[in-house]
Structure formats: C-alpha cells, structure tokens
Amino acid sequence: GRRTEQDLTDMAACVDELEALVTSPRLPADVAAWTLCTQRFHDLLVERAGNKTLAIQSVVLREVVQTHLLLATRNSGDAAAVRSFTKVIRSYRKLLALLAARDAAGAEQHWRTHMDVAARTLLPEQLKSATLLDMFS
C-alpha cells in the first residue's frame, strides 16, 4: 500500500538482473550471484514495506539466510534449476504487477503462496535437521 515508483523501479531492476543471470551461459558458476540477487530482492521488499522491526530482523538474519540459500542451491545449474529459477522470476514479476496495481490483498496472497513454495523447495531433506553450527562449519 505504501510503495513508491522508485520501490517498483528498484525491485524491477533486481528482477532484470536475475533474468540476465538465468539466460547467461555461465549459470552454473553464477548460482552464488543468483542467490545473492534473490536475497537482495527480498531485502528490498522488506525494507520498502515500512515495517522497521521486520526490516531489522531481516538484517540480523541475513547471513543465516544467505548461507542457507547457498547450501540449498549449491548443486544447481542444470536444466531443472534453470526452470525453477525462471519460475521464481515469473513470481517476482507477478508480485511487482500486483504492487503496481496497488492490489495489497492480491500481493499478500501471492507472496504467501510464493514463500510456501520456496520453503518446500529450499528445505531439502538433508537441511531439515541442520543446525546453525552445521551450516556455518
């Protein structure tokens, strides 16, 4: 509800960068760049939402989330991963369209669904029981 044109522009630029990474022939080598860019999109979303408490919590958890994403995507780079990354881009673009239309309810519902799917995708069996110490060792 509070988004500005600059917010949309900044998030769209991030999605454009993700799209460039997916179409790059270097994708297997650029999975780390992909994960950092997706995290930047999420950071922008949280920061621009205006909830200062949530934004601070996001900053505190950033390194944990980044490490988890790198572990969860470390074997990416094949055709299935590219399809998965392409779906993420479509989801981000849909969210941006809902935000541009100021459809707060639609954006919230879409993002809840996106995060549910992401949780199932990014929490493979071997990471379900991993501790923070496991992830950082």
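Q: At roughly what angle do the axes of helix α1 and helix α2 cross?
A: This is a predicted model, in which local features need pLDDT of at least 70, side-chain atom pairs count only at pLDDT 80 or more, and totals for chains, interfaces and linings use all residues. Residues are numbered from 1 along each chain as its sequence is written, and side-chain values use heavy atoms, leaving out hydrogens and water. Axes are lines fitted to C-alpha atoms, for helices over the stretch in contact, and angles run from 0 to 180 degrees between N-to-C directions. The axes of α1 (residues 5-23) and α2 (residues 31-49) come within 10 Å, and the crossing angle is roughly 165°.

Q: Which term describes the direction of α1 relative to α2?
A: Angles under 35 degrees count as roughly parallel, over 145 as roughly antiparallel, 65 to 115 as roughly perpendicular and the rest as oblique. The axes cross at roughly 165°. Therefore α1 is, relative to α2, roughly antiparallel.

Q: How many nonpolar, polar and charged residues form the contact of α1 with α2?
A: Contact means heavy atoms within 4.5 Å. The α1 side includes M11, C14 and L18, and the α2 side includes W34, F41 and R48. Ala, Val, Leu, Ile, Met, Phe, Trp, Tyr, Cys and Pro count as nonpolar, Asp, Glu, Lys and Arg as charged, and the others, Gly among them, as polar. The division is 12 nonpolar, 2 polar and 5 charged.

Q: Is D10 buried or exposed, or partly exposed?
A: D10 lies in helix α1 and touches L44 and R48, not counting residues up to four places away in sequence. Buried means under 20% relative accessible area, exposed over 50%, and partly exposed in between (1.4 Å probe, protein chains only). With a relative accessible area of 23%, D10 is partly exposed.

Q: What distance separates the C-alpha atoms of D10 and L45?
A: D10 belongs to α1, and L45 is among the α2 residues that meet α1. D10 and L45 are 35 residues apart along the chain, and their C-alpha atoms are separated by 9.8 Å.

Q: How many nonpolar, polar and charged residues are in the contact of α2 with α5?
A: α2 and helix α5 (residues 104-122) pack at an angle of about 145°, with their axes 14 Å apart. F41, H42 and L45 in α2 meet W111, H114 and M115 in α5. By class, this contact has 4 nonpolar, 2 polar and no charged residues.

How values were computed: Helix = DSSP H or I, 4+ residues; strand = E, 2+ residues; numbered from the N terminus.
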